[in-house]
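Hello,

Here is the structure I promised to pass on to you. Have a look at it first, and then read on for what turned up.

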Amino acid sequence: MVAPASWWGSRRRGLGKGANCTVPAAKKAINGRLRRPSITFQLSIRVGEPVELRDIEIFLTLSEELHFGRTAERLHVTQARVSQSIAKQERRIGGSLFRRTSRRVELTSIGARLYTELKPAYQQILTSTRTAAETARGIHGTLTIGTMGALYHILTTTNAEFRGRHPAAELDFVEIQPTAPFAELRSGEVDLALLWLPVRESDLTVGQVMSERPVVAMIGSGHPLAKRSSIRMEDFGDYEVPWSSRPLPKYYEEALIPFHTPSGRPVRRGTKVSTWQETLIAVSAGEVIQAIQAEAADYYPWPGVIYLPIDDAPMGRWAFVWRTDAETPLLRAYIESAGNVA
């Protein structure tokens, strides 16, 4: 490759870093002027040179698909583009990222480590870019909030504050069943949920507590305990309680209905329920008793059901919960509104 005159003129006092040059002849004076020699050089690829975001996307996608054709199809590019991108990255790094045979593609140890470290960084770039764009457009769109039954009323003041601050945004509400508290969050059906605590799920973030009151006992009006003015947690060892027809994390169920009394006696599970209405029916029939948040007594007067204080009751706390990787400016704006009225 022969360097153009403009390049030589800018490099008269030294060659650029990274260039290997050969000077075939010394400078010669011709007609009283210096003659510029012909220069042949090669530029080495440096690890620190910029990386295109598209190349990162191609590498991550191929790491997941392990197939050049599927990667090209998924990204709407040609297989040649995928191959060229990977070859360029391997030259830049100085090692192979993939092992290729006629039958399979697999990550090398270098490629596997790069994928592990690069994936979260790439996701953060996308999230930050999306957040910036949403912020530039202002707070708008629809935020879907999940609540258990009438607990929507806890949020009345927050809803009014949010709507006043962000009139272009809309709120939608979906009922969540106590037997599947995280399902709608994880499916994306709701953006934000009001759930009882504790919530210890690695993919979920717990926010502000919106209500904190002692748990009460929900008992059928014909039940032996109905004649009492209050009960204790130890009394749950003498009767059956309902249990979820769908599996709940043990810690989550135990926060409301313990598996053992304070003295260590087991608390027996009886009727299976899948909805809040089924729980009310089972309690009113005298089949089970239920420890429940105090809000139930406010919102669910039910024929044949009474609510009694529990002298040594734990606190029932409700808080906002959302998917950590799905936080948006719209969601943050709602949480901010909740903090303003707390």
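At what angle do the axes of helix H2 and H3 cross, and within what distance do they come? Please keep in mind that this is a predicted model. The axes of H2, which covers residues 53–65, and H3 cross at roughly 130 degrees and come within 9 Å. On the H2 side, the contact is made by Arg54, Glu57, Ile58, Thr61, Leu62, Glu64 and Glu65. H3 brings Phe68, Arg70, Thr71, Arg74 and Leu75 to that contact. As for handedness, the crossing of H2 and H3 is right-handed.

H2 has another partner to look at. Helix H4, residues 79–93, packs with H2 at an angle of about 100 degrees, and the two axes are 10 Å apart. Angles of 65 to 115 degrees count as roughly perpendicular, and H2 and H4 are therefore roughly perpendicular to each other. Here H2 makes the contact with Arg54, Asp55, Ile58, Phe59 and Leu62, while H4 makes it with Arg81, Val82, Ser85, Ile86, Lys88 and Gln89.

Is threonine 71 buried or exposed? Its relative accessible area is 0%, so threonine 71 is buried. Leaving aside residues up to four places away in sequence, threonine 71 touches Ile58, Thr61, Leu62, Glu65 and Val82. Among these, Ile58, Thr61, Leu62 and Glu65 also belong to the H2 side of the contact with H3, and Val82 is one of the H4 residues in contact with H2. A polar atom of the threonine 71 side chain also lies 2.8 Å from the backbone oxygen of histidine 67.

Finally, the overall picture. The protein chain has eleven helices and 16 strands. Of its 342 residues, 40% are buried. Among contacts with a separation of 6 or more, 71% are between residues 24 or more positions apart.

Enjoy exploring!

Best wishes

Notes
Residues are numbered from 1 along each chain as its sequence is written. This is a predicted model: local features need pLDDT of at least 70, side-chain atom pairs count only at pLDDT 80 or more; totals for chains, interfaces and linings use all residues. Side-chain values use heavy atoms; hydrogens and water are left out. Buried means under 20% relative accessible area, exposed over 50%, partly exposed in between (1.4 Å probe, protein chains only). A polar contact is a pair of N or O atoms within 3.5 Å; within protein, one must be able to donate a hydrogen and the other to accept it, and residues adjacent in sequence count only if both atoms are side-chain atoms. Contact means heavy atoms within 4.5 Å. Axes are lines fitted to C-alpha atoms, for helices over the stretch in contact, and angles run from 0 to 180 degrees between N-to-C directions. Helices (H or I, at least four residues) and strands (E, at least two) are DSSP runs, numbered from the N terminus. A crossing is left-handed if the near helix is turned anticlockwise from the far one by less than a right angle, and right-handed if clockwise. Angles under 35 degrees count as roughly parallel, over 145 as roughly antiparallel, 65 to 115 as roughly perpendicular and the rest as oblique.
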